[in-house]
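Here is a short note for a first look at this model. Please read the points with the structure open.

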Amino acid sequence: MSEPQGAGTGEGSTQRLPVVERGTEPGTAPPPDQRAPGPPDASGTGRAGRFWSVRRVPAGIVALVLLLLAGAFLYDVVAVRAGRSALGWRRDLARQLAERPVDDTWVLVGAGVAAALGLWLLVLALTPGLRRVLPMRRTHPDVRAGLHRDAAATVLRDRAMEVSGVQAARVRMRRRRARVRALSHFRELDDVRADLDGVLDDAVRGLGLARPPAVSLRVARPGRKG
């Protein structure tokens with residue numbers, strides 16, 4: 001008894017034809033809903049750290065000051081080399097540095113100003129800055145997102161205004177705490193506060209921040225006019 005002939009072949013063996021899933025091409029992976037179940041991606045999403053400022057303004061100011069000082073000294077040196085006399089301010093500066101003692105008041109003031117400027121530059125170099133941008137949770141290792149404090153405060157204020165009985169609301173957003181002040185013109189304050197607690201907690205979770213701020217809530221009656 002002979003075996004059936006393979007489709008498209010001259011050999012006496014049965015061959016399994018390649019099966020192409022609908023919507024895919026040979027050599028490509030099937031869609032996610034057709035893939036075999038497997039362990040979740042354990043590569044991690046990375047740490048959601050704060051955003052670092054480029055410090056354009058301080059760097060520009062320092063560069064401009066140094067450029068002006070270097071240009072002034074270079075011009076004076078070239079003038080002296082060309083046979084002209086040194087500028088009066090450089091002669092006075094050299095004489096003052098040579099005559100004034102180390103414990104002179106102006107020397108101490110100048111040293112203090114230089115130390116303060118140096119400390120300020122070190123702080124700018126070692127701190128991230130951009131305090132008004134709140135880092136959001138990283139759902140992808142190559143993508144970072146941030147939310148401005150004003151935008152987060154607007155979201156919380158709008159959600160607070162949706163609560164029945166709230167006449168006005170004000171939100172001050174910080175990195176670790178959100179201060180909410182609401183005015184209720186009807187309903188019991190305890191009921192309004194309870195509703196606001198639930199709504200604001202849901203709103204803070206919905207912001208998707210890496211470090212959700214704690215909510216500080218205060219509800220009061222509006223003051224009397226006149």
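1. Asp190 and Arg193 form a salt bridge, with 3.0 Å between the closest N and O atoms. A salt bridge here is a side-chain nitrogen of Lys or Arg within 4 Å of a carboxyl oxygen of Asp or Glu. Asp190 and Arg193 sit three residues apart in helix H5 (residues 189-206), so about one helical turn separates them. Helices are DSSP runs (H or I, at least four residues), numbered from the N terminus. Asp190 is exposed at 57% relative accessible area, while Arg193 is partly exposed at 27%. Buried means under 20% relative accessible area, exposed over 50%, partly exposed in between (1.4 Å probe, protein chains only).

2. This is a predicted model: local features need pLDDT of at least 70, side-chain atom pairs count only at pLDDT 80 or more, and totals for chains, interfaces and linings use all residues. Residues are numbered from 1 along each chain as its sequence is written, and side-chain values use heavy atoms, leaving out hydrogens and water.

3. The count of salt bridges is nine. One of them joins Asp104 to Arg100, at 2.9 Å between the closest N and O atoms. Asp104 is buried at 17% relative accessible area; Arg100 is partly exposed at 33%.

4. Arg157 and Asp158 also meet in a salt bridge, 3.5 Å from N to O. Arg157 is partly exposed at 33% relative accessible area, and Asp158 is partly exposed at 37%.

Technical notes: Helices (H or I, at least four residues) and strands (E, at least two) are DSSP runs, numbered from the N terminus.
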